[in-house]
Amino acid sequence: MKYICFTNNNLIASSLDCLDSVDTIYIDLEKLNKSERQGHTNSWISNHTYEDILNIRNNVKSSLLGVRIDPVNLNTGKQINRVINNGADVIMLPMFYSLEEVKKVISMINNRVFLDLLFETPQSLEIIDL
């Protein structure tokens, strides 16, 4: 089994990086509408920044470095380019609803990094082709 971790802490990231069981260390940039969706819960809302990608990139050599971006919006292309330019190996797409959104992101990524899909809407689960 492979594990992931969300952290912007260099000590934690470098400690996890040497473990074979850790596949991806993530920076969490998802902020768009997140407070509205989760602000009433006891869930964690990230304070991670684009600069954290650069900092963690310097400490992560064996694991992949991933970034959870905002849901698809007018700035998705800019956000994708920025996280790739800062050193991401993987982009995680949250809160998508349609195959068209996924295809749009795949096109923007253009084979530069891996894409992880976070299936967290009922509509996303309906488009899975088993």
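Asn 111 sits in the loop between H5 and E5; helices (H or I, at least four residues) and strands (E, at least two) are DSSP runs, numbered from the N terminus. Its phi is near 65°, a positive value in a residue other than glycine. Most residues other than glycine have a negative phi. Asn 111 is exposed, with a relative accessible area of 78%; buried means under 20% relative accessible area, exposed over 50%, and partly exposed in between (1.4 Å probe, protein chains only). Met 95 also has a positive phi, of about 50°, and is not a glycine. Met 95 lies in the loop between E4 and H5 and is buried, at 13% relative accessible area.

This is a predicted model, in which local features need pLDDT of at least 70 and side-chain atom pairs count only at pLDDT 80 or more, while totals for chains, interfaces and linings use all residues. Residues are numbered from 1 along each chain as its sequence is written, and side-chain values use heavy atoms, with hydrogens and water left out.

The largest nonpolar core has 25 residues. Such a core is a set of buried Ala, Val, Leu, Ile, Met, Phe, Trp, Tyr and Cys residues joined through side-chain atoms within 4.5 Å. Ile 53, Val 67, Val 83 and Ile 91 have the most contacts inside this core. Two or more residues each come from helix H1 (10-17), strand E2 (22-28), helix H3 (50-57), strand E3 (64-68), helix H4 (76-85), strand E4 (90-93) and helix H5 (99-109). Not counting residues up to four places away in sequence, Val 67 touches Tyr 26, Ile 27, Leu 29, Ile 53, Val 83, Ala 88, Val 90, Ile 91 and Met 92, where contact means heavy atoms within 4.5 Å.

The charged pairs come next. Four salt bridges are found in the whole structure; the criterion is a side-chain nitrogen of Lys or Arg within 4 Å of a carboxyl oxygen of Asp or Glu. Arg 68 and Asp 28 form one of them, at 2.7 Å from N to O. Arg 68 lies in strand E3 and Asp 28 in strand E2, so this pair ties together parts that are 40 residues apart in sequence. Both residues are buried. Glu 51 and Arg 82 meet at 3.8 Å, N to O. Because Glu 51 is in helix H3 and Arg 82 in helix H4, that bridge ties together parts 31 residues apart in sequence. Glu 51 is partly exposed at 43% relative accessible area, and Arg 82 is partly exposed at 40%. Asp 89 forms a salt bridge with Arg 57, with the closest N and O atoms 2.9 Å apart. Asp 89 is in the loop between H4 and E4 and Arg 57 in helix H3, 32 residues apart. Salt bridges that share partners also join Asp 28, Glu 30 and Arg 68 into one network.

Leaving aside neighbours within four places in sequence, Ser 124 is in contact with Phe 96, Tyr 97 and Phe 119. Phe 119 is placed in the loop between strand E5 (114-117) and helix H6 (122-126) and is partly exposed, at 36% relative accessibility.
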